[in-house]
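Here is a brief report on selected residues. The sequence and model come next.

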Amino acid sequence: LADGVDAGAESAQTFGLGSGDEGLRGQWFSTLRFVRSELTRWVAKQSKQGMAGYPAITVLTCVEDESVLVTTIDGLIEMLNKPLREKNRATSSMGLLCLARAVSCFLRRVGPRSDPGRLASWVSRATGSVIGLALKGAFAAPEQIVVTRYLCASIASAMPAYAVQGILLEMMALNAGYCWEGPYIAVSSLVPILASAPGQVFREGDDREQHSNQGSELVFGSQLPPTPAALEAFVMSLGGAHQFGKPVTRAALHRMEQLMQQDYSLLDVLGIAHLEEELSNALDKVRIQCHQLHGFSRVSNSQRYQGDWVKEKISALTVLVSILECLPFVIPSGWKVSTSGTDGTNHGSKASKTFMDDVSGYTMHAEPCVRNAAVAALLRCMTAWPGSRDCIMQGMAHVIKSIMHDDDIECVKGSAELVLKLIGIWEVALGQIKGLTTERRIVWSSSVSELGSFDSIHSVESCGFYMLCHHDIKIRDLGLKILESACQLF
């Protein structure tokens, strides 16, 4: 039954059976109703094992006829709120999983035909306990984090403005005695939510591909696991590096980059462009806290970083990685400055000096997770955010010069190779690579003047000359390549 919930919710007319025979449909729903009532009666009589029936009751409710679903959903939500507050991890996870399934299914089946105001009020009542407990750090287990992210993405698929303003912004607020679970859930949900934007623009694409790019689908990579045991098995299959959620696929990120290259705003596509400033400011407050706690550690420091980064627990370091994963789709306000043309119109934003110092510096962070996230963020920004290109080049030049006298030659080589890769991306954007195939060429709607000007060539050239003085022949060779590439780009 659980396998049919997600697919059936897309077609309310034939939901649960796929048959036009009204008699057969009536018999089907009558059987479902009888099984659900009997199971509910059994659960009510149990003292210890009763909660084991909650997943089945939830699924049976979700596959009911729409009129029955509307009349029974509130009672189900009220029943599922009880296990949420249990101290037992398995019990609270089960309640959270069932509630997420119920809310998600209800929004997909009933949401499109409901009054937005009444629907928002219902979602607030249904998810209020979940959000409150998440802000208190009650959902710290990996499977609970994953399901809460799924719930946020599911709500955003139906009500993006409410999801951002009523849930994500609230969870990003760092009030007194805050826990990091709330900000992490909010920040890490942003990219899966925004990944649904290309599917709304490229309507001529394959329907299955559009469905696979829905935010809730990207959290799990498939439909919601049917039972707590299946949920736990899914989390274990992700491994330690991604135990708090499946990473967004490279294909989905590429489609998002393509959209930005064509001058689309992902927030505007989802109809929440008016929340961009508020979202950027909230994200920046979280960024500042994370940077103050973990932003200054460098892999080349004489004493390696010894922090509280434990993979089994959400911390500021986990949130910092999630903020980097949001670039350039949502940019913290402290990392950008608005630019206007001569006619007074807004021409997007440029990267700030803080962005140049922070993100480039993170490529030398003591923690591999931050280094990898920073490198990936710079590559995406170089591809899809023209206003960041010059700052990225200048920042990386400063990084290389700051580590030239360190004993770790591999760090210098890695940074130099990254600079060459970044220059290559910029050259592709400007169409300066000869023999570039049509498939690899990036098509831009912006004029060449809006693709970023290489004003920091003096910094990059000084970095290259600096590298020519290094005792290692490989470093000198990379310095020469940087000089040649910078000259060609300029």
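## Nonpolar patch

Phe 465, Leu 468 and Leu 480 make a nonpolar surface patch of about 270 Å². Patch members have over 30% relative accessible area and no salt bridge; nonpolar side chains (Val, Leu, Ile, Met, Phe, Trp, Tyr) are joined within 5 Å, like charges within 9 Å. A salt bridge puts a side-chain nitrogen of Lys or Arg within 4 Å of a carboxyl oxygen of Asp or Glu. Areas come from the Shrake-Rupley method with a 1.4 Å probe, and only the protein chains shown count as cover for residues.

Phe 465 sits in helix 22 (residues 457-468). Helices (H or I, at least four residues) are DSSP runs, numbered from the N terminus. Phe 465 is exposed, at 51% relative accessible area. The classes are buried (under 20%), exposed (over 50%) and partly exposed (in between).

## Basis of the model

The model is predicted: local features need pLDDT of at least 70, side-chain atom pairs need 80 or more, and totals for chains, interfaces and linings use all residues. Residues are numbered from 1 along each chain as its sequence is written, and side-chain values use heavy atoms, without hydrogens or water.

## Cysteines

The structure holds 0 disulfides (cysteine sulfur pairs within 2.5 Å). Cys 381 is buried, at 0% relative accessible area. Cys 469 is exposed, at 67%.

Thr 127 lies in helix 6 (residues 116-135). Thr 127 is buried, at 1%. Beyond its neighbours within four places in sequence, Thr 127 contacts Val 103, Leu 151 and Ile 155 (heavy atoms within 4.5 Å).

Asp 357 belongs to helix 18 (residues 353-362). Asp 357 is partly exposed, at 36%. Its C-alpha atom is 8.8 Å from that of Met 396, 39 residues apart along the chain.

Methods. Buried means under 20% relative accessible area, exposed over 50%, partly exposed in between (1.4 Å probe, protein chains only). Helices (H or I, at least four residues) and strands (E, at least two) are DSSP runs, numbered from the N terminus.
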